[in-house]
Amino acid sequence: MLDPDTVIAAYRNAYFPMADSRTGTISWHSPDPRAIIPLDAFKVSRSLQQIVRRQVFEIKIDASFSEVIHSCARREDTWISTEIISAYTTLHTRGVAHSVESWQHGELVGGLYGIAIGGAFFGESMFSRVSNASKAALVHLVSLLRLRGFRLLDSQFMNEHMRQFGTVEISRSSYLEELSAALTVDTMFSF
């Protein structure tokens with residue numbers, strides 16, 4: 001069983017768990033280079049700015065963490081096993097794992113979840129049932145992180161979806177410096 005305390009210790013040391021989609025076997029990853037979203041250089045397209053401004057989605061924090069992580073896991077090839085769901089749900093009850101959710105007409109239509117430790121937020125996964133729902137959640141996440149004084153938004157791996165937001169890759173040594181500084185920040189994710 002994946003121990004929640006081990007998961008926290010791993011993040012503090014630049015590692016995170018992923019399960020093999022076929023076997024469920026957990027392995028630990030620390031990519032080099034590492035993808036991060038610089039909070040001061042986050043990019044939002046005009047069309048997404050308009051969606052956020054028009055409040056197309058109602059944004060909630062931690063209202064339905066379980067549904068968010070299960071929705072993120074619902075894909076053909078997933079690294080989010082039942083063991084990971086169990087550990088992160090425990091971390092959510094401890095106030096370490098969080099979800100940012102996009103709701104429309106009373107239904108959860110998109111969102112993301114991740115881990116907050118000190119001034120670092122480690123983004124884990126996103127899902128969207130309605131166009132732009134997960135993107136709107138990400139915009140609100142970045143606003144919240146800035147407001148609360150976070151220093152690091154870890155995206156783990158680079159992909160084209162994340163590149164549009166200004167995600168960059170940095171070396172392992174640079175990441176370790178960023179992580180070390182972020183972990184010293186005394187802040188909380190939610191109020």
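Predicted model: local features only at pLDDT ≥ 70, side-chain atom pairs only at ≥ 80, totals over all residues.

Trainee: What's the radius of gyration, and what would a compact globule have?

Mentor: The protein comes out at 16 Å, and a compact globule with 191 residues would be near 16 Å, so the two agree. The C-alpha atoms fill a box of roughly 40 × 35 × 35 Å along the principal axes.

Trainee: Switching topic: how many aromatic pairs does the structure hold?

Mentor: There are 7 aromatic pairs. One of them is Phe-16 with Phe-157, an edge-to-face pair at 5.7 Å centre to centre, with 85° between the planes. That pair links distant parts of the chain, 141 residues apart: Phe-16 is in strand 1, while Phe-157 is in the loop between strand 8 and helix 6.

Trainee: Is Phe-16 buried or exposed?

Mentor: Phe-16 counts as buried because its relative accessibility is 0%. Phe-157 is partly exposed, at 37%.

Trainee: Which pair is stacked, then?

Mentor: Phe-121 and Phe-189 are stacked, 5.4 Å centre to centre and with 25° between the planes. Phe-121 sits in strand 7 and Phe-189 in the segment after helix 7, so this pair ties together parts 68 residues apart in sequence. Phe-121 is buried at 0% relative accessible area, and Phe-189 is buried at 4%.

Trainee: Which residues form an aromatic cluster?

Mentor: Phe-65, Tyr-88 and Tyr-113 form one.

Conventions:
Residues numbered from 1 in each chain as written. Heavy atoms only, no water. Rg over C-alpha atoms; globule rule 2.2 N^0.38 Å. Phe/Tyr/Trp six-rings, centres within 6.5 Å; stacked < 30°, edge-to-face > 60°. Helix = DSSP H or I, 4+ residues; strand = E, 2+ residues; numbered from the N terminus. Buried < 20%, exposed > 50% of the residue type's maximum accessible area, 1.4 Å probe, protein only.
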